[in-house]
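Please keep the sequence and the 3D view at hand while reading.

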Amino acid sequence: MLTISNLQAAVGEKTILRGVDLDLAPGQVHAIMGPNGSGKTSLGRVLAGHPAYTVTGGSATLDGKDLLALDIEERALAGLFVSWQYPVEVPGVANTEFLRLAVNARRRHRDEPELNAKDFAPWIAEVAKTAQVPADYLTKPLNAGMSGGQKKRNEILQLHALSPSVAFLDETDSGLDIDAIKSVAASINAWRRADRAVILVTHFQRLLEMVKPDRVHVLADGRIQQSGGPELAEQLEREGYDWIVRV
Amino acid sequence: MIGSSVSDAAAAAARLGAPTTTLEDWRYVRVDSLQAALEAPRRVGAADLAPWLVEEEPSFVVVDGQFHHLGRADLPGVWGFRVMEAADQARSAAILATTTELPTVWALAGPCQQALAVRGDAGVPLTIVNAATGGPSGWTLRCELAPGARLHLVIRHAALGKARSAFRLEADLSRGAHLTVEEIQATPATILTSQADLTLAQDSQVTWTSCWTGGDLVRQRLDATLQGRGASCDFAALADTAGTAQAHVVTRVRHAAPNTSSRQLIKTVLADASRTSLDSVIAVDPGADGTDADLQNRNLILSPLARADTRPQLDIRADEVKAAHGATIGRLDADEMLYLRMRGFSETEATATLSHGWRDEVRGRLTR
């Protein structure tokens, strides 16, 4: 589904990714953990096409398509959803209208008829229920005036509305209280399907107890240094990253 | 009562005259060449005006400085119109006034051969269409608000040809009165000037919102004098220009009494090679302590050829004053653009969505 081979990237002269390999199959959840500054967020940004990054080597394909050859929006329309660790506030744009336009961009891409505001309102209200996001999020401006946790949940609402095939969720659990983490985890699980896959970037095993990963990777110094099953996350929780980074 | 209003209005018109392009130096435009390109005025029919009129609402239309169309008199809110003989043949003044049972008196004066009286519920908005088909024309709307009176005007500027149109509104607000004005330029104009002279007594309020699309030369000037303690002025304008259109906003807000407040928000969105400017002065007189004034000018440039000039100024001669001003000129936020594109918006769609949101802070104040 998503195949990343020897992916290398830099910001200016500074190398950030030094050769990342990852193979994500449909239905799977892969967790990426690692110390701060190891390149986890950068990996998502490079996949999304962030203009600050230059790909200096390797490849990334999504359902056989060369992801790196696509424009930013084409990657999104091809089925890639990359959440933001700190979602940007857009005070002048209503959340519902933003979602409607984004959903319609996808519908156009799939040659499906667009939804007008009247038809969209009940549809997105149902989506919000499924995503376990309070209905009043829909009446707010996009991310504006929301707490950090509310912004993360708003991104999960987008995930449900936009129906991508691969979700790269960057520390979606940070800034959330315990109840909110449970709610977000349930929402991620509700979104999962046999033809969808998730990359979960997290520092904490708590989320992985609720969204069970098939594989756990440790990214450090721009490379995947260690991969394993869910037990690797438990070991990291106990022992930290030192033993891997030293290797 | 109406008779005295007629003569008062005629005197005001004689004193004020119509706005002219000589009020200030035009920085970017050769007015002479524009004036030479003006078309001859033409007759217009109901179909020409249909886009600007809502039949169910009280309204009247001025075309090239002449009364053209009077709205229905049988509407809820008891608006009524009566055409009168001009009181001042020398100036061909036209008069608009309400009756005494309502606390509002208005007068309209300009180079018309008629006078117009209006009475009605001051709580119901009155739509005024200022249409121009060609040639130079101008007229003045005079509003006198009695103590506690409320008045809501919706002014639509419609360019139906290459014309030079000058509109002036003069308003005197008595104690506790509230004037709300929504001013909308629907189509790009050749030359359009709009000037407001507002005098505010104690505890009176003005809430004014203007939306401009610009033109060869579009200029708004707002002069507000806060003469009474506790008076307040809330002004917001949006200039949304494209092509080679220009829009210029000039404001002069004078705090002449203690505990007065003013808020000004002037936003622009500039595409292509369009240009805007803001020239604004907040003046605080000696003794006007407790003044609270704020002026914000935010300019959004969508094209490397567009240009926005801003000149916010403070002239403070009192000690206990809170006065702030700020101006920004910039492009769309790169992170906001990226966020939308990562959700599938094309660059064009993201630009349109974000600039629409930028406009809404001002446009959202409109009720019509």
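In which loop of chain B is Val29(B) found? Val29(B) is found in the loop between α1 (2-16) and α2 (31-36) of chain B. The model is predicted, so local features need pLDDT of at least 70 and side-chain atom pairs count only at pLDDT 80 or more, whereas totals for chains, interfaces and linings use all residues. Residues are numbered from 1 along each chain as its sequence is written, chains are lettered from A and ligands numbered from 1 in the order in which they are written, and side-chain values use heavy atoms, with hydrogens and water left out.

- Val29(B) is buried, with a relative accessible area of 14%; buried means under 20% relative accessible area, exposed over 50%, and partly exposed in between, with a 1.4 Å probe and protein chains only.
- Val29(B) and Gln246(B) lie 217 residues apart in sequence, yet their C-alpha atoms are 8.9 Å apart in space.
- Leaving aside neighbours within four places in sequence, Val29(B) is in contact (heavy atoms within 4.5 Å) with Leu34(B), Asp216(B), Leu217(B) and Gln246(B).

**Chain A as a whole**

- Chain A has nine helices and twelve strands; helices (H or I, at least four residues) and strands (E, at least two) are DSSP runs, numbered from the N terminus.
- Of the 247 residues in chain A, 53% are buried.
- Among contacts in chain A between residues at least 6 apart in sequence, 67% join residues at least 24 apart.

**Nonpolar cores**

- A nonpolar core is a set of buried Ala, Val, Leu, Ile, Met, Phe, Trp, Tyr and Cys residues joined through side-chain atoms within 4.5 Å.
- The largest nonpolar core holds 97 residues, of which Leu2(A), Ile4(A), Leu43(A), Leu47(A), Leu169(A) and Leu200(A) touch the most other members.
- Helix α6 (residues 178-191) of chain A gives the most to this core, with six residues.
- A second, separate core has 42 residues, including Leu126(B), Ile155(B), Val181(B) and Val253(B).
- Beyond four places in sequence, the contacts of Leu2(A) include Leu22(A), Leu47(A), Leu62(A), Val166(A) and Ile199(A).

**Helix packing**

- In chain A, the axes of α5(A) and α6(A) come within 10 Å and cross at roughly 10°; axes are lines fitted to C-alpha atoms, for helices over the stretch in contact, and angles run from 0 to 180 degrees between N-to-C directions.
- α5(A) and α6(A) are therefore roughly parallel to each other; angles under 35 degrees count as roughly parallel, over 145 as roughly antiparallel, 65 to 115 as roughly perpendicular and the rest as oblique.
- In chain B, α4(B) and α5(B) pack at an angle of about 125°, with their axes 9 Å apart, and are therefore oblique to each other.
- Residues of α4(B) that meet α5(B) include Glu336(B) and Leu340(B), and their partners in α5(B) include Ala350(B) and Leu354(B).

**The enclosed helix α4(B)**

- Six of the eight residues of helix α4 (residues 334-341) of chain B are buried, so this helix is largely enclosed by the rest of the structure.
- The buried residues of α4(B) are Glu336(B), Met337(B), Leu338(B), Tyr339(B), Leu340(B) and Arg341(B).
- Among the elements that cover these buried residues are α3 (95-109) and α5 (148-162) of chain A, together with α5 (347-363) of chain B.
- At the start of α4(B), a side-chain oxygen of Asp333(B) reaches to within 3.0 Å of the backbone nitrogen of Asp335(B).

**Buried polar residues in strands of chain B**

- Ser210(B) is found in strand β12 (residues 205-212) and is buried, with a relative accessible area of 0%.
- The side chain of Ser210(B) makes polar contacts with the side chains of Glu183(B), at 2.9 Å, and Trp208(B), at 2.8 Å.
- A polar contact is a pair of N or O atoms within 3.5 Å; within protein, one must be able to donate a hydrogen and the other to accept it, and residues adjacent in sequence count only if both atoms are side-chain atoms.
- Asn130(B) lies in strand β6 (residues 126-132) and is buried, with a relative accessible area of 2%.
- A polar contact of 3.1 Å joins the side chains of Asn130(B) and His157(B).
- Asn297(B), in strand β18 (residues 291-301), counts as buried at 1% relative accessibility.
- Asn297(B) and Thr268(B) are 29 residues apart in sequence and 8.2 Å apart in space, C-alpha to C-alpha.
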